[in-house]
Structures are given as structure tokens and as C-alpha cells.
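Q: I would like to learn how to read the features of a model such as this one, one at a time. Could we go through it together?

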Amino acid sequence: MVGKDIKTGVDYLFEIPANETNKNANLIYKRQNSPLFAKSGKIRFTTYTNKKIEGQFEAQVSDFINATAEIQSGSFTINL
């Protein structure tokens, strides 16, 4: 997703194909000392400049064995 073609206000979807191992989006959710990895979701950039990247996200996360959770209304700010 990194690059000059990133647009603000656009939903970018991601999904890990079924039966794929050791692949996940670069989103890890730590729940009670057990990490859950994003398997699908969306991200929207609200600010994308050479000084700051901000946005919102939603994701379905899993340990790919039996634990799952859903993240809603997540947000992030990255100062460059």
C-alpha cells in the first residue's frame, strides 16, 4: 500500500486467501498476551503527506486456530 498512488478518503480492502499459511496483513492485535493477526479488513487514509500519515481501519483478526475478534473504528497517526 505504500507509494505515491495512495489516495485519501478511499477504502483499501485486504484479505488473506483461504488456506494460506504465514501470510497476514501488517496488523497485529495483542489480546491477553496472545497476538491475533489481521486476516481481512479495510483501511482509509485521511492524511497522507511527507510529514504525517493518519487514517482509520477495521479488521477481522485471528490466531488461525480458534481465537477471533473484530476491530471496529480503529485509528492511527504516524509522524514521519
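**Rings, strands and a serine**

A: Let us start with two residues in this predicted model: phenylalanine 45 is buried, and phenylalanine 76 is buried as well.

Q: Which aromatic pairs does phenylalanine 76 form, and how should I read their geometry?

A: The general idea is to look at the distance between ring centres together with the angle between planes, where over 60 degrees counts as edge-to-face. Phenylalanine 45 and phenylalanine 76 have their centres 6.1 Å apart with 85° between the planes, so this pair is edge-to-face. It links distant parts of the chain, since phenylalanine 45 belongs to strand E3 and phenylalanine 76 to strand E5 (residues 68-79), with 31 residues separating them. Phenylalanine 57 and phenylalanine 76 form an aromatic pair that is tilted, at 6.4 Å centre to centre and 40° between the planes. That pair also links distant parts of the chain, from phenylalanine 57 in strand E4 (residues 52-62) to phenylalanine 76 in strand E5, 19 residues apart.

Q: How many aromatic pairs does the structure hold, and which residues do ring pairs link into a cluster?

A: The structure holds four aromatic pairs, and a cluster of Tyr12, Phe45, Tyr48, Phe57 and Phe76 is linked through ring pairs.

Q: How do I read a nonpolar core, and which residues have the most contacts inside the largest one?

A: The general idea is that in soluble globular proteins nonpolar side chains tend to be buried together. Here the largest nonpolar core has 14 residues, and those with the most contacts inside it are Leu27, Ile43, Phe45, Phe57, Val61 and Phe76. Strands E3, E4 and E5 are the elements that give two or more residues to this core.

Q: How should I read strand pairing, and which strands does E3 pair with?

A: One looks at the bridges between two strands and at the sense in which the strands run. E3 and E4 pair in the antiparallel sense over 10 bridges, and these two strands form a hairpin with three residues between them. Within that pairing, isoleucine 43 has phenylalanine 57 of E4 as its bridge partner. Strand E1 (residues 11-15) is joined to E3 by five bridges, again antiparallel, and leucine 13 stands opposite lysine 42 in E3. Four bridges connect strand E2 (residues 28-31) with E3, the two running antiparallel; in E3, proline 35 lies opposite lysine 30 and leucine 36 lies opposite tyrosine 29.

Q: What is there to read in the hairpin of E2 and E3?

A: This hairpin has two residues between the strands, and glutamine 32 takes a positive phi near 50° there.

Q: Is serine 40 buried or exposed, and with which side chain does its own side chain make a polar contact?

A: The general idea is to compare the relative accessible area with a cut-off, and buried means under 20%. Serine 40, whose place is in strand E3 (residues 34-48), counts as buried because its relative accessible area is 16%. Its side chain makes a polar contact with the side chain of glutamine 60 at 2.5 Å. If neighbours within four places in sequence are left aside, serine 40 is in contact with Phe14, Glu15, Glu58, Ala59 and Gln60.

How values were computed: Residues are numbered from 1 along each chain as its sequence is written. This is a predicted model: local features need pLDDT of at least 70, side-chain atom pairs count only at pLDDT 80 or more; totals for chains, interfaces and linings use all residues. Side-chain values use heavy atoms; hydrogens and water are left out. Buried means under 20% relative accessible area, exposed over 50%, partly exposed in between (1.4 Å probe, protein chains only). A polar contact is a pair of N or O atoms within 3.5 Å; within protein, one must be able to donate a hydrogen and the other to accept it, and residues adjacent in sequence count only if both atoms are side-chain atoms. Contact means heavy atoms within 4.5 Å. Two strands pair if DSSP finds at least two bridges between them. Rings of Phe, Tyr and Trp (its six-membered ring) pair if their centres lie within 6.5 Å; planes under 30 degrees apart count as stacked, over 60 as edge-to-face and the rest as tilted. A nonpolar core is a set of buried Ala, Val, Leu, Ile, Met, Phe, Trp, Tyr and Cys residues joined through side-chain atoms within 4.5 Å.
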